[in-house]
Amino acid sequence: MTTTTTLARGDRLHPSRARLGKLVRHVIGVAAFLLLWELAGRTGLLTWLPTASDSLARVVGLAFDPAFLGDLLSTLTAAAIGLPLAVFVAVPIGLLLGTVPVVEEMTRAIVEFLRPIPSVALIPLALFAFQPEINAKVSLIVYAAAWPILINTLYGVRDVDPVATETLRSFGFGPGSVIIRVSLPSAAPFIFTGIRLAASITLILAISVEYFVGGSGGIGAFLIQASTGIGSDAMVDVIATLVWAGAIGLAVNTVLQRAERRLFRWRFA
């Protein structure tokens, strides 16, 4: 009896120990990277690279810089507007293409033509077509972020069990009810994965447009101002800004990943 209880407690502790071990390995990896970075900067191995300590100090300093915080808010605002719009546009189109094969066949050539076009290449067109700058950023974010959501929605609908849809139809439910009751819930994990992939794209596009335009706000504009400086301080500002951008992307991805695991536990069981 005691042995069984001990084993059960050990089984319950095992996932926690595994997560702790994973966290420790991550910390060790980051610490080793920072140590190598510091050594490279101090020994002059890479003369253009500032030390990790100087860069991280500037990262902390940017948290209290009103100009940077304003630019950060501008970038996040465009991303926060563009991503929901992309979901609003891409999910219905994906459901339509996935449930009506004729429409999917008619639009396949257009989709395959538009999808490979790099979103960055459309920046000049967006700037001509949409003013002010925030509209150009949002339009490009919607265009770029819609693709992973649309494709994942399409594949999710195709993965729906045909027995479930036929059963619902046999009870007299129409196409709309079948989509709402079967197709959409079944495709939800795929859609959420598409949203998680699109979230990183929104930040990349917003910064790219700001950098290309050199406008009055945004992380991209802050990067331009930092890169035009003179001396090592300019490089410190550039690296610190990039660290902030990477940290935000990592934080957003982590939040969405945990939400995905919580909402669709059965998928990760």
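Biologist: What's the handedness of the crossing where H7 passes H8?

Modeller: H7 crosses H8 in a right-handed way. Bear in mind that this is a predicted model.

Biologist: And which residues meet there, in H7 and in H8?

Modeller: From H7 you have Ala164, Thr165, Leu168 and Arg169. They meet Ser177, Val178, Arg181 and Val182 of H8. Sorted by class, the H7 contact with H8 has four nonpolar, two polar and two charged residues.

Biologist: At what angle do those two helices pack?

Modeller: About 140°, with the axes of H7 and H8 10 Å apart. H7 covers residues 162-170 and H8 covers residues 175-213.

Biologist: OK, now H8 and H9. How do their axes cross?

Modeller: They cross at roughly 45° and come within 6 Å, with H9 being residues 219-227. That angle makes H8 oblique to H9. The crossing of H8 and H9 is right-handed.

Biologist: Which residues make that contact?

Modeller: H8 brings Ile207, Glu210 and Tyr211, while H9 brings Ile219, Gly220, Ala221, Leu223, Ile224 and Ser227. By class, the contact of H8 with H9 has six nonpolar residues, two polar and one charged.

Biologist: Switching to pockets. How much space lies in the largest pocket?

Modeller: About 480 Å³. The residues lining the largest pocket are Arg19, Lys22, Leu23, His26, Leu250, Thr254, Gln257, Arg258 and Arg261.

Biologist: Which elements give two or more residues to that lining?

Modeller: Helix H1 (2-43) and helix H10 (232-263). H10 gives the most to the lining of the largest pocket, with five residues.

Biologist: How does that lining split by class?

Modeller: The lining of the largest pocket has four charged, three polar and two nonpolar residues.

Biologist: And the second largest pocket, how much space lies in there?

Modeller: About 290 Å³. The second largest pocket has 16 lining residues, and Gly98, Thr99, Thr165, Arg169 and Ser183 lie nearest its centre. Thr165 and Arg169 also came up in the H7 contact with H8.

Key: Residues are numbered from 1 along each chain as its sequence is written. This is a predicted model: local features need pLDDT of at least 70, side-chain atom pairs count only at pLDDT 80 or more; totals for chains, interfaces and linings use all residues. Side-chain values use heavy atoms; hydrogens and water are left out. Axes are lines fitted to C-alpha atoms, for helices over the stretch in contact, and angles run from 0 to 180 degrees between N-to-C directions. Helices (H or I, at least four residues) and strands (E, at least two) are DSSP runs, numbered from the N terminus. A crossing is left-handed if the near helix is turned anticlockwise from the far one by less than a right angle, and right-handed if clockwise. Contact means heavy atoms within 4.5 Å. Ala, Val, Leu, Ile, Met, Phe, Trp, Tyr, Cys and Pro count as nonpolar, Asp, Glu, Lys and Arg as charged, and the others, Gly among them, as polar. On a 1 Å grid over the protein atoms alone, a cavity is a set of points where a 1.4 Å probe fits but cannot get out, and a pocket is an open set with protein on both sides within 12 Å along at least five of seven lines; lining residues have an atom within 4 Å of a point. Grid points are joined across faces, edges and corners, and a volume is the space filled by probe spheres set on the points. Angles under 35 degrees count as roughly parallel, over 145 as roughly antiparallel, 65 to 115 as roughly perpendicular and the rest as oblique.
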